[in-house]
Amino acid sequence: MLTIDRVSRRFGGVYANQDVTLEVAEGELRGIIGPNGAGKSTLFNLIAGHARPDSGAIRLKGRRIDRLPAHVRARLGIGIVFQGARTFAGMSLLENVMVGAHSRTRAGLVAAAVRPPSQRREERRIKSTAEECLERVGLLEWASRPADGLPLGQQRRLQVARALAGEPRLLLLDEPASGLRARERQDLAQLIRDLARSGVTVLLVEHDVGMVTSLSERITVLDLGRVIADGTPAEVTSDPAVVKAYLGTGADHAAHR
Ligand SMILES: Nc1ncnc2c1ncn2[C@@H]1O[C@H](COP(=O)(O)OP(=O)(O)OP(=O)(O)O)[C@@H](O)[C@H]1O
């Protein structure tokens, strides 16, 4: 499904990704972990098209995509939920999701506001797609409520719904559980599991290692821009290089207190 072949990306003198190689099978739920600054978000940006690699190749179902703009990659089936993504206040939940669907249409969001009657059918289609997406994340009953003041757990689900409106085959989730309470985390984990079961290939970047190990079949570990381990949750969590990488971080010191 997704092949990343010796991809490197530098910012100034720093390698954010260096010779990163990984392969993700169709329908897989792959966890990606690593200490702060390991290069996880950079890797997502390279896959989704918000950054270009300096070298190496990225292929989606065999097709080279690393030089394509982000909106073309979205049309090819790559969806992303950015780290700390915000909802649009002043819009309803449904409208928030419809924005995601419009980004896939030719007309785009601005034109959507002045859509002539001939395009109303497309409008209805987008609305029903958005409603389906809200249903998938369990928010349909609140479709018409404003997004303002939505609890964080529901905001994350709304962002997932917005990404789903683009009908992704590959969904990149960047730290979707950060800041969530235990119950919200469990609900989100179940949602991610359901998405993968429905056939969406999922790449999950998450600091909550427990969540990643419980969800993923395989985990790729990055440290200082490089892949330092790749295997089953049991393999990577017992890998000395992984243990060492985590011991070097402030987060891990905190965990050991
Ligand atoms: N746009 C940028 N300009 C300069 N340096 C950058 C940029 N984006 C990332 N970096 C650097 O690249 C490295 C990898 O950053 P990245 O955000 O990809 O790591 P991460 O694993 O997602 O970290 P975190 O877990 O803290 O979100 C870091 O050293 C970071 O400072």
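Visitor: Which residue in S8 is the bridge partner of Leu170?

Guide: Thr201 is the bridge partner of Leu170 in S8. Strands here are DSSP E runs of at least two residues, and helices are H or I runs of at least four, numbered from the N terminus. This is a predicted model: local features need pLDDT of at least 70, side-chain atom pairs count only at pLDDT 80 or more, and totals for chains, interfaces and linings use all residues. Residues are numbered from 1 along each chain as its sequence is written.

Visitor: How many bridges join S7 to S8?

Guide: Five, between residues 170–174 and residues 201–205, and the two strands run parallel. Two strands pair if DSSP finds at least two bridges between them.

Visitor: What's the strand order in the open sheet?

Guide: S6-S7-S8-S3-S9-S10, with mixed pairing. S6 (78–81) and S10 (226–231) are the edge strands, each pairing on one side only. Neighbouring strands are turned by 20° against each other on average, direction ignored. Axes are lines fitted to C-alpha atoms, for helices over the stretch in contact; angles run from 0 to 180 degrees between N-to-C directions.

Visitor: Which strands does H1 touch?

Guide: H1 (residues 40–48) packs on the sheet and touches S3, S6, S7, S8 and S9. Contact means C-beta atoms, placed from the backbone, within 7 Å. The H1 direction makes about 150° with that of S7.

Visitor: Switching to the ligand. What's around it?

Guide: Residues including Phe11, Val14, Lys40 and Thr42. The cut-off is a C-beta atom, placed from the backbone, within 6 Å.

Visitor: Which element gives the largest share of that shell?

Guide: H1, with three residues.

Conventions
Contact = placed C-beta atoms within 7 Å.
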